[in-house]
Amino acid sequence: MRTDRQGRADQPWQRRWTWNRGILDLWFTGRPTEPNLWARYDRRLRHEWAGVAPAHRQFDVPDQPAGTAFDLDGRFVTDVEGFYCAIGEAINGPGGYFGWNLDALHDRLRGRWGAQAPFRLVWHASAVARQHLVAGYDRHRNAPAVTLDSLLQMFAEHGVEVDLR
């Protein structure tokens, strides 16, 4: 266990608060209005970003109607956490949430979170995800990696048309 300068043991929650403080400070005054602020963070902090986002969900905003097209900025989708941040923004605007793991994404694709399937997802700069979301073992999650192909399959199962650009 780590100790502070006075030799007192710090608690795990204190360490966590320290390393994600920048995100908490940013969200303290409300949901961000600038896109891609999450992109500057590493994978661990992108996961935290996606975890803070649902607390700022706007419940009184109805889903966009079926058939709506959404633009996903894929320039920073270098890990699956980046994908969750990017799709949250594509569907619900800066700081938006649309899942932070596969189960949550599956649930969001059922509606009531900003988009009603079937919809169209225009994935710009998809080559970045094609390069980074590849098969293998994800040591961060201790599980098989989430791949671009597995995401595309999930979208297809929900009637989402994905246009890779």
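**Notebook: pocket and aromatic pairs**

I looked up the largest pocket and noted a volume of about 230 Å³. A pocket here is an open set of points on a 1 Å grid over the protein atoms alone, where a 1.4 Å probe fits, with protein on both sides within 12 Å along at least five of seven lines; lining residues have an atom within 4 Å of a point. The volume is the space filled by probe spheres set on the points, which are joined across faces, edges and corners. Of the 17 lining residues, Gln 58, Val 61, Asn 92, Trp 113 and Gly 114 are the closest to the pocket centre.

I recorded that this is a predicted model, in which local features need pLDDT of at least 70, side-chain atom pairs count only at pLDDT 80 or more, and totals for chains, interfaces and linings use all residues. Residues are numbered from 1 along each chain as its sequence is written, and side-chain values use heavy atoms, without hydrogens and water.

I then turned to the aromatic rings and found 9 pairs (Phe, Tyr or the six-membered ring of Trp, centres within 6.5 Å; planes under 30 degrees apart are stacked, over 60 edge-to-face, the rest tilted). Phe 98 and Phe 119 are edge-to-face, with 6.5 Å between centres and 80° between planes.

I noted Phe 98 as buried at 0% relative accessibility and Phe 119 as buried at 3%.

Definitions and conventions. Buried means under 20% relative accessible area, exposed over 50%, partly exposed in between (1.4 Å probe, protein chains only).
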